[in-house]
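Me: I want to check some labels against their cut-offs. Please start with the terms, then the cases.

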Amino acid sequence: MPKLIGAAVTTQAEQVTTFNSSSTLTTQPQTTSIEYLVVAGGGGGGSRFGGGGGAGGLITSTTPVSGNTPYSIAIGAGGAAGATSGGPGTGGATTGSSGSNSSFAPGSGIEKTSTGGGGGGAGDSLAGAAGGSGGGGAGRFETTGGAASPPGQGNAGGGGSGNAVSPGGDSFRGAGGGGAGAVGSASTSTDNAANGAGGNGSPSTISGSDVTYAGGGGGAAGGTENSQSTAASGGSGGGGTGSLGPAPSAGAGTANRGGGGGGGGFAGSNTLGGAGGSGIVIIKEPFVGSTCWDLRQVYRQVKADDWV
């Protein structure tokens, strides 16, 4: 019979904690490092040929921590949709508001913060705003998408082409907001779901399931002579669908996924975009084993002549 050379005694199980709202994490006593996912709030979609909102910035890695210690968690709200009146764009349209930041341990030496997604452009010619992922540009004239800033948390929004959607006339589409996994799609003259689609998000298995986060919002379809039949899709990971003229209306970004809101269109009057989705923080504390022996187990093994 083989001699037993021992086995580690489990002292702390793996623990995964998900935060959908701001709170505090107190680490387990044996924890010395964590794995984290921090997703910010997504940007709101712009109104009137609006671009889709950019997804909230996404960061994921590991960091050292102290055991049995409280750490603050801040969850960013999604940005509001751009207003249909009172703004600087054509017809008073307003770019969507940017999402708010999410953080693990804000203000500490190990702070991990992701940046809110940029709002979608609006009012014919306004550019998308910069953010964790940038918002898409408005679609009636040529526009630019917002940059991903700071770099490494997402992707830029698409630019508006200013090209009428076939068969032409006053029928245009906003560009898609950027996602954590891909840039937002520029608007084109083709009537399909890929025209002005939001950028796809990024998958993570930190929660124990394969979940995609931080998709960009789709751009709006509309016009006084709108003949478009297919709305721009939101990116995987919670991006909202762009509006299709007056109906269906723009979709909001998914809550606790950091998705960007869909752009709002135009159908004789400005239509509202979708709000961005709120962020999320997930913390995984790893399994910890001990190299110390349980003396009762040692005694049993020695007595059985099964110890070396």
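Reply: Buried means under 20% relative accessible area, exposed means over 50%, and partly exposed lies in between (1.4 Å probe, protein chains only). This is a predicted model: local features need pLDDT of at least 70, side-chain atom pairs count only at pLDDT 80 or more, and totals for chains, interfaces and linings use all residues. Residues are numbered from 1 along each chain as its sequence is written, and side-chain values use heavy atoms, without hydrogens and water.

Me: Why is Lys284 called buried?

Reply: Its relative accessible area is 19%. The cut-off is under 20%, so Lys284 counts as buried.

Me: What makes Lys284 and Glu35 a salt bridge?

Reply: A salt bridge needs a side-chain nitrogen of Lys or Arg within 4 Å of a carboxyl oxygen of Asp or Glu. Here the closest N and O atoms are 3.9 Å apart, so the pair qualifies. Lys284 sits in strand E13 and Glu35 in strand E4, 249 residues apart.

Me: Why is Glu35 called partly exposed?

Reply: Glu35 has a relative accessible area of 29%.

Notes:
Helix = DSSP H or I, 4+ residues; strand = E, 2+ residues; numbered from the N terminus.
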